[in-house]
Amino acid sequence: MNLLRTYILPRILQWALVIFVGISATFLIPRLSPINPVDEMIGRMTAFASIDPHAVVSMRESAMALFGLEGTLLEQYGRFWARLLEGDLGVSFGNFPRPVSDIIAAGLPWSVGLLTTTIIISWTIGVFLGALAGYFHNRRWSQFLERFVVMVYPVPYLITALVLFIIFGAWLQIFPIMGGSRGEPALTWKYISTVLYFGFLPALSIIIGAIAFRFIMAKALTTTEIANDYVQYAELAAVPKRKIILFYVARNTMLPQVTDLALAFGAIFEGALITEILFAYPGLGFVLYNAIYNADYNIIMGIALLSIVGVATAMLIIDLLYPVLDPRVRLR
Amino acid sequence: MFTTIRDLIKFSPSFRFGSLILLIVAVMIVLSFFSPYEAGKLRRKVKRNQPPSATFVFGTTSQGEDVFWSTTFAIRNTLTISIIAVTIGRGIGVMLGMLSGYFGGIFDRVAQSTVESFIVIPRLPLVILIASILRGSMTMYSLGILIGLFDWAHPSKRYRSQVLSLRERDFTHTAVFSGMSTVRIVIREHLPFIIPYMLADVISGFLFSIGFEVTLSYLGLADLDSPTVGTMIYWATYYQSVFAGRAWVIIVPIVTVVLMVLGFYLMSVGLGEYLDPRKRLVRLSADAGEESEDEEPRKDKDGAWAP
């Protein structure tokens with residue numbers, strides 16, 4: 001009961017507060033934009049046809065009402081929350097009248113697939129290699145590996161992706177440089193193999209940087225951990241090295257790594273923005289990018305909402321799991 | 001100060017290598033002041049599409065720009081943007097982190113909630129959104145301010161925890177019990193710990209803002225008329241330099257970015273090693289010359305490598 005009051009409840013309150021503030025900020029910022037999406041849309045519609053001016057005016061009014069853009073900012077804000085609590089994300093301005101939830105649902109599987117795969121691969125390899133290199137930090141191979149990682153780690157993500165794009169996509173032309181798949185979606189090997197083929201370069205570009213980051217973190221943690229007496233004791237007791245690394249050292253460094261893993265999964269709903277733009281990959285990041293250019297508020301809001309809830313919930317879950325994972329937290 | 005730098009160059013290979021790269025960068029910046037062209041007026045000055053040669057060290061673009069001289073301007077401008085961003089971002093971060101670390105209580109709780117909310121908001125999409133709103137009226141300086149305004153949440157958290165751990169140290173209690181005033185404790189006892197930490201942190205701030213500048217410029221959201229490393233890459237892809245067989249136009253800025261971030265990073269690694277006494281002990285006990293080049297990595301999820 002005490003734990004509930006002093007630990008769990010404040011965290012749930014914090015979670016709700018963070019989501020509230022985050023969503024309010026993302027509501028407000030697009031509305032500071034001088035671009036009016038309704039005028040944009042009407043501009044597109046009247047560009048190729050002449051329409052009666054009165055019809056344009058009434059169309060504009062009904063569009064403003066439909067998009068929830070009439071009235072003062074405060075009224076819009078109130079209606080926005082009322083609609084949101086009913087689970088209605090509205091319709092897209094750019095792809096009128098397709099509902100936002102529809103568009104997000106179309107992009108979601110691509111981002112989730114790409115990011116789940118890359119997060120799991122890079123996390124596993126990074127943690128494993130980092131722990132090995134941290135334990136055997138005097139070996140030649142581990143120092144060579146580290147030199148290499150130190151060269152890769154600070155390079156901005158965009159540059160890694162661009163280099164892969166130029167080498168494998170443009171010059172060697174081994175991999176496709178845009179799209180997510182070829183042919184009709186079906187559960188056949190033929191279709192799935194094109195998904196893997198198209199996804200290879202985007203995935204590789206994410207994995208390279210992510211492994212470097214994870215490696216450096218795992219190595220730093222391991223180096224601190226092996227200074228402990230118990231490691232020396234285990235070595236003196238001739239416990240197999242494999243066992244020391246995997247069951248003692250690596251396990252003790254897991255806590256911050258698991259935290260990061262959860263946060264990475266929480267951030268999936270943002271999509272891999274730069275990757276998806278660069279490789280024209282049809283995920284959420286690409287949808288978001290186009291929405292920003294078309295001032296498509298509702299889509300921006302929808303994705304930001306998912307992302308905020310995702311990250312905040314991941315943080316909440318970590319906080320709630322901490323006492324289970326780490327007995328030291330329980331004592332405080 | 002100078003002996004420290006001399007020792008670092010002598011004993012830390014990563015610091016030596018990093019400072020060597022940054023020296024080249026500095027030379028390029030100095031050269032930009034002696035450029036035969038005026039800043040921002042490099043187009044249609046030389047023969048187009050020339051591959052690298054003795055006259056045009058890095059070749060020329062399809063717009064008749066000398067790539068070498070645009071690179072000198074680009075490095076200068078990118079660093080200017082980064083300096084603005086780092087000053088603003090770390091300024092807010094240090095202030096907020098230290099204040100909430102020392103004051104605690106209500107102030108700390110409000111500040112922490114703000115920081116937490118800020119961390120949760122997807123940063124890159126938000127910056128892209130604001131930059132696309134400001135497009136057209138964006139200058140180099142406003143880009144720096146924009147990047148800076150979005151890079152204070154993580155640093156402030158780090159400074160807060162730094163202050164919190166300093167407050168719990170024995171020497172702080174000793175100082176308090178021996179009647180030292182709070183201001184004196186902060187200045188005499190704590191700043192010597194915080195300033196070196198700040199130095200390493202500022203360098204990693206440069207990594208972040210260089211990466212962000214390049215990303216935003218690549219998306220066409222910066223002031224595209226002032227040459228920065230990012231806008232060079234933007235124009236190189238805009239004029240299809242890869243497919244048109246003018247690879248040098250895009251390779252030069254890419255290599256420049258890589259060298260710049262590598263120089264800063266290696267320097268911060270060397271510095272961090274020097275600053276962390278535990279590392280120094282490890283180094284002393286380890287075989288001579290064998291060094292571990294690690295530091296606690298930045299835990300920004302969209303820092304240097306974020307997708």
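Q: Which residues does Ile23(A) touch, not counting residues up to four places away in sequence?
A: In this predicted model, Ile23(A) touches Leu305(A) and Ile308(A). Ile23(A) itself belongs to helix 1 (residues 2-28) of chain A. A contact requires C-beta atoms, placed from the backbone, within 7 Å.

Q: Why is Ile23(A) called buried?
A: The cut-off for a buried residue is 20 or more other C-beta atoms within 10 Å. Ile23(A) has 20 such atoms within 10 Å, and therefore counts as buried.

Q: How far apart are Ile23(A) and Gln143(A), in sequence and in space?
A: The two residues are separated by 120 residues in sequence and by 46 Å in space, C-alpha to C-alpha.

Q: What are the domains of chain A, and what separation do their centres have?
A: Chain A is divided into domain 1 (2-85) and domain 2 (110-292). The centres of these two domains, taken over C-alpha atoms, are 36 Å apart.

Q: What makes up the largest nonpolar core?
A: This core has 143 residues, and those with the most contacts inside it are Ile300(A), Ile233(B) and Val261(B). Its largest share, 16 residues, is supplied by helix 11 (residues 247-275) of chain B. From chain A, domain 1 (2-85) and domain 2 (110-292) each contribute at least three residues.

Q: Which residues are in contact with Ile233(B), leaving aside its neighbours within four places in sequence?
A: Ile233(B) is in contact with Val214(B), Tyr218(B), Ile250(B), Pro253(B) and Ile254(B).

Q: Why is helix 10 of chain B called mostly covered?
A: Eight of the ten residues of helix 10 (residues 229-238) are buried, so the description "mostly covered" applies. The buried residues are Val229(B), Gly230(B), Thr231(B), Met232(B), Ile233(B), Tyr234(B), Trp235(B) and Ala236(B). They pack against helix 3 (67-103), helix 9 and helix 11 of chain B. Just after helix 10, Gln240(B) adopts a positive phi of about 55°.

Q: What secondary structure does chain B contain, and how much of the chain is buried?
A: Chain B has twelve helices and zero strands. Of its 307 residues, 48% count as buried. Among contacts in chain B with a separation of 6 or more, 69% join residues 24 or more positions apart.

Q: How many residues of chain B are in contact with chain A, and which helices supply them?
A: In chain B, 44 residues are in contact with 54 residues of chain A. Helix 4 (105-120), helix 5 (123-133), helix 9 (182-218) and helix 11 of chain B each supply at least two residues of the side that touches chain A.

Q: What is the division of the side of chain B that touches chain A into nonpolar, polar and charged residues?
A: That side comprises 30 nonpolar, six polar and eight charged residues.

Q: What pLDDT does chain B have, and where is the pLDDT below 50?
A: The average pLDDT of chain B is 81, and 89% of the residues score at least 70. The pLDDT is below 50 over residues 284-307 of chain B.

Q: Which scores does the model have as a whole?
A: The model scores ipTM 0.79 and pTM 0.81.

Note on methods
Residues are numbered from 1 along each chain as its sequence is written. Chains are lettered from A and ligands numbered from 1 in the order in which they are written. This is a predicted model: local features need pLDDT of at least 70, side-chain atom pairs count only at pLDDT 80 or more; totals for chains, interfaces and linings use all residues. A nonpolar core is a set of buried Ala, Val, Leu, Ile, Met, Phe, Trp, Tyr and Cys residues joined through C-beta atoms within 7 Å. A residue is buried if 20 or more other C-beta atoms lie within 10 Å of its own, exposed if 12 or fewer, and partly exposed in between; C-beta atoms are placed from the backbone. Helices (H or I, at least four residues) and strands (E, at least two) are DSSP runs, numbered from the N terminus. Domain bounds come from an automatic or database domain assignment. Two residues are in contact if their C-beta atoms, placed from the backbone, lie within 7 Å. Ala, Val, Leu, Ile, Met, Phe, Trp, Tyr, Cys and Pro count as nonpolar, Asp, Glu, Lys and Arg as charged, and the others, Gly among them, as polar. pLDDT is the predictor's confidence in each residue, from 0 to 100.
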